[in-house]
Amino acid sequence: MARKLAIDKVLFTVVVLLVVAGLVMVYSANPPDPDGGFKRQFVTQLLAAVVGLVAMLVLMSIDYRSWAKPWLVYAGLGASLVLLVAVLAAAPINGSSRWLSVGPLTFQPSELAKIAVVVFIAHQIHRCPEGVSQPRVLVPCGLAVGLVTLLVLQAPDFGSAALILGIAGVMLFLAGLSWRWIVPAMVVLPGLFGLFIWSEPYRRERLLGFLSPENDPSGNGFQVLQSLIAIGSGGVTGQGLGESAQKLYFLPLASSDFIFSIVSEELGLLGAAAVLAAFAVLAWRGYVAGHRAPDAFGRFLAWGLTSAVLIQALVNVSVTVGLVPVTGTPLPFLSHGGSSLVMTLIACGLLLSVSEHG
């Protein structure tokens with residue numbers, strides 16, 4: 001008798017809890033607006049949560065191996081590349097071209113590109129059991145990741161580009177990539193990124209502001225210093241939900257890039273630790289799902305999607321505490337942003353599908 005598939009209840013529960021926590025914090029992190037702006041922001045996040053959860057439920061009910069068909073894999077990657085090219089012609093928002101507008105809706109193609117890259121690399125690893133260090137794996141993976149990264153950098157979106165490279169690197173490393181490829185990459189890539197940062201004055205100033213934020217407290221060091229004030233003032237138990245002082249126009253992007261700072265201020269060390277614990281549980285169940293997957297495609301699909309969420313969360317939290325420069329990377333599930341939330345829940349739907357077949 002065939003075994004009845006069962007969802008990973010722990011993984012499903014932690015995803016739902018993170019979505020609910022995100023809705024609460026987006027509502028709480030916005031200062032009062034006489035024009036009702038914060039209500040519109042909460043409504044858009046709520047709609048994105050509904051769409052994303054429905055997509056997750058649909059995808060977790062579909063066998064993940066259905067997405068391993070070559071035409072689907074290449075179509076997904078091709079669509080991502082087309083959208084990344086199209087977004088470069090869109091009107092800039094806050095100095096960058098990262099969003100495509102369709103009527104009242106906006107979409108960030110780089111979010112789709114992250115999933116497309118994970119699916120593509122998992123497919124390439126699956127189709128070559130001889131090993132990931134073979135040219136027939138590295139050449140297509142290198143071309144795909146390179147094209148996506150270059151297009152994302154043109155936006156410019158340094159944070160997403162670095163994240164995509166990081167996800168690809170983790171997947172290939174877990175697949176057993178030879179050190180003769182890893183060592184040169186570790187030498188060359190930091191230098192290229194350093195050159196890219198130093199080539200533009202605003203990126204150079206942002207880096208210098210990160211290294212010494214106290215030297216420019218009202219300029220490039222402003223965000224980090226205000227974030228640290230928010231985190232420090234939260235103490236152990238926090239100021240109370242909705243009682244943040246930093247969200248009152250002191251901390252920029254309080255409901256998006258710096259939502260973790262508001263969590264720390266309002267819910268304290270205990271609330272911040274609970275959020276980090278939730279991501280730790282998600283990582284645990286995601287990597288276990290990959291370990292138990294019946295084939296290489298499922299294994300690296302699960303590991304890649306889990307790494308995508310985990311790396312993004314680590315980068316965001318590191319920014320808020322001043323460990324890395326400001327990148328504009330949202331905190332999965334919690335930060336305001338419909339594209340990020342929907343695509344993260346789509347990734348979770350695929351992850352839950354893999355876990356069901358483990």
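Me: What is the volume of the largest cavity?

Reply: The largest cavity has a volume of about 120 Å³. A cavity is a set of points on a 1 Å grid over the protein atoms alone where a 1.4 Å probe fits but cannot get out, and lining residues have an atom within 4 Å of a point. Grid points are joined across faces, edges and corners, and the volume is the space filled by probe spheres set on the points.

Me: Where do these values come from?

Reply: This is a predicted model, so local features need pLDDT of at least 70 and side-chain atom pairs count only at pLDDT 80 or more, while totals for chains, interfaces and linings use all residues. Residues are numbered from 1 along each chain as its sequence is written, and side-chain values use heavy atoms, with hydrogens and water left out.

Me: Which helices each supply at least two residues of the largest cavity's lining?

Reply: Helix H4 (109–126), helix H11 (296–320) and helix H12 (338–356) do. Helices are DSSP runs (H or I, at least four residues), numbered from the N terminus. The lining includes Glu-111, Lys-114, Leu-305 and Met-343.

Me: And by class?

Reply: Seven lining residues are nonpolar, two polar and two charged. Here Ala, Val, Leu, Ile, Met, Phe, Trp, Tyr, Cys and Pro count as nonpolar, Asp, Glu, Lys and Arg as charged, and the others, Gly among them, as polar.

Me: Glu-111 and Lys-114 are both in that lining. What do they form with each other?

Reply: Lys-114 forms a salt bridge with Glu-111. The closest N and O atoms are 3.3 Å apart. A salt bridge is a side-chain nitrogen of Lys or Arg within 4 Å of a carboxyl oxygen of Asp or Glu. The two residues are three apart in helix H4, so about one helical turn separates them.

Me: Is Lys-114 buried or exposed?

Reply: Lys-114 is buried, with a relative accessible area of 8%. Glu-111 is buried too, at 5%. Buried means under 20% relative accessible area, exposed over 50%, and partly exposed in between (1.4 Å probe, protein chains only).

Me: How many salt bridges are there in the whole structure?

Reply: Four. Another one joins Lys-247 and Glu-266, with the closest N and O atoms 3.8 Å apart. Lys-247 lies in the loop between helix H9 (222–234) and H10, and Glu-266 in helix H10, so the pair ties together parts 19 residues apart in sequence. Lys-247 is buried at 7%, and Glu-266 is buried at 1%.

Me: Which one involves Arg-65?

Reply: Arg-65 meets Asp-63, side chain to side chain, at 3.0 Å from N to O. Arg-65 is partly exposed at 37%. Asp-63 is partly exposed as well, at 25%.

Me: New topic: Gly-286. Where is that?

Reply: Gly-286 lies in helix H10 (residues 259–292). Gly-286 is buried, with a relative accessible area of 0%. Leaving aside neighbours within four places in sequence, Gly-286 is in contact with Ala-302, Trp-303, Thr-306 and Leu-351.

Me: How far is Gly-286 from Leu-11?

Reply: They are 275 residues apart in sequence and 7.6 Å apart in space, C-alpha to C-alpha.

Note on methods:
1 Å grid on protein atoms, 1.4 Å probe; cavity = no way out; pocket = protein on both sides within 12 Å on 5 of 7 lines; lining within 4 Å. Contact = heavy atoms within 4.5 Å.
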